[in-house]
Amino acid sequence: MIERHDSVVVTTFVRVVTPLAQLFALYVLAHGHWSPGGGFQAGVILGATWILLGLALGREALRRLDERRLLAAGAAGVLLYLATGLAGLATGTRFLDYAVLPLGPTPAWARHYGILVVETGVTVTVAATLVLLFLRLADGEPRP
């Protein structure tokens with residue numbers, strides 16, 4: 001079982017750094033079109049913030065993140081990716097052809113927003129999977 005850390009310095013540091021790291025994860029997701037980054041990297045950063053909270057503040061800090069919700073979030077991210085890809089097929093073009101999606105005034109804007117939608121799905125799936133793996137490993141077997 002994951003227990004709360006005894007150090008005031010550690011718990012205060014985690015409470016200050018976590019929102020900043022989550023904001024940075026959103027930046028990496030949104031700016032992944034023009035620079036290194038994107039959905040996977042943002043998902044890892046976002047998942048790591050939840051894991052950091054669990055390590056510093058104990059299992060109680062993650063009580064809203066049960067297994068069913070994490071599995072549902074992971075599946076929702078995959079479905080978002082798949083739905084975006086199939087939308088191109090439904091309009092008679094290729095899989096993941098964002099230009100035909102009604103997401104912007106021009107095909108270039110539609111591609112821009114389409115990639116963001118797909119990367120958001122990847123972010124949600126990666127973050128949920130990492131936190132689920134952490135919780136399953138942490139709650140696995142009690143210490144002697």
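Which residue's side chain meets that of Asp66 in a salt bridge at 3.8 Å, N to O? I looked it up, and the partner is Arg68. A salt bridge here is a side-chain nitrogen of Lys or Arg within 4 Å of a carboxyl oxygen of Asp or Glu.

**Ground rules.** I am working on a predicted model, where local features need pLDDT of at least 70, side-chain atom pairs count only at pLDDT 80 or more, and totals for chains, interfaces and linings use all residues. I number residues from 1 along each chain as its sequence is written, and side-chain values use heavy atoms, with hydrogens and water left out.

**Confidence.** I checked pLDDT (the predictor's confidence in each residue, from 0 to 100): the protein's mean is 87, and 96% of its residues reach 70 or more. Helix α2 (residues 39-57) has the highest confidence, at 94, and α4 the lowest, at a mean of 90. Helices are DSSP runs of H or I, at least four residues, numbered from the N terminus.

**Salt bridges.** My search of the whole structure turned up four. Asp66 also pairs with Arg69, at 3.9 Å, N to O. For accessibility I call a residue buried under 20% relative accessible area, exposed over 50% and partly exposed in between (1.4 Å probe, protein chains only). Asp66 comes out partly exposed at 25%, while Arg68 is exposed at 67% and Arg69 is exposed at 56%. I also noted Asp97 with Arg94, whose closest N and O atoms are 3.9 Å apart. Here Asp97 is buried at 12%, but Arg94 is exposed at 61%. Shared partners join Asp66, Arg68 and Arg69 into one network.

I then listed contacts (heavy atoms within 4.5 Å) for Leu62: not counting residues up to four places away in sequence, Leu62 touches Trp50, Leu53, Gly54, Phe134 and Leu135.

**Thr123.** Last stop was Thr123, in helix α4 (residues 107-138). Thr123 is buried at 6%. A polar atom of its side chain lies 2.9 Å from the backbone oxygen of Glu119. Leaving aside neighbours within four places in sequence, I found Thr123 in contact with Leu29, Gly39, Ala42, Gly43 and Leu46.

Definitions and conventions
Helices (H or I, at least four residues) and strands (E, at least two) are DSSP runs, numbered from the N terminus. A polar contact is a pair of N or O atoms within 3.5 Å; within protein, one must be able to donate a hydrogen and the other to accept it, and residues adjacent in sequence count only if both atoms are side-chain atoms.
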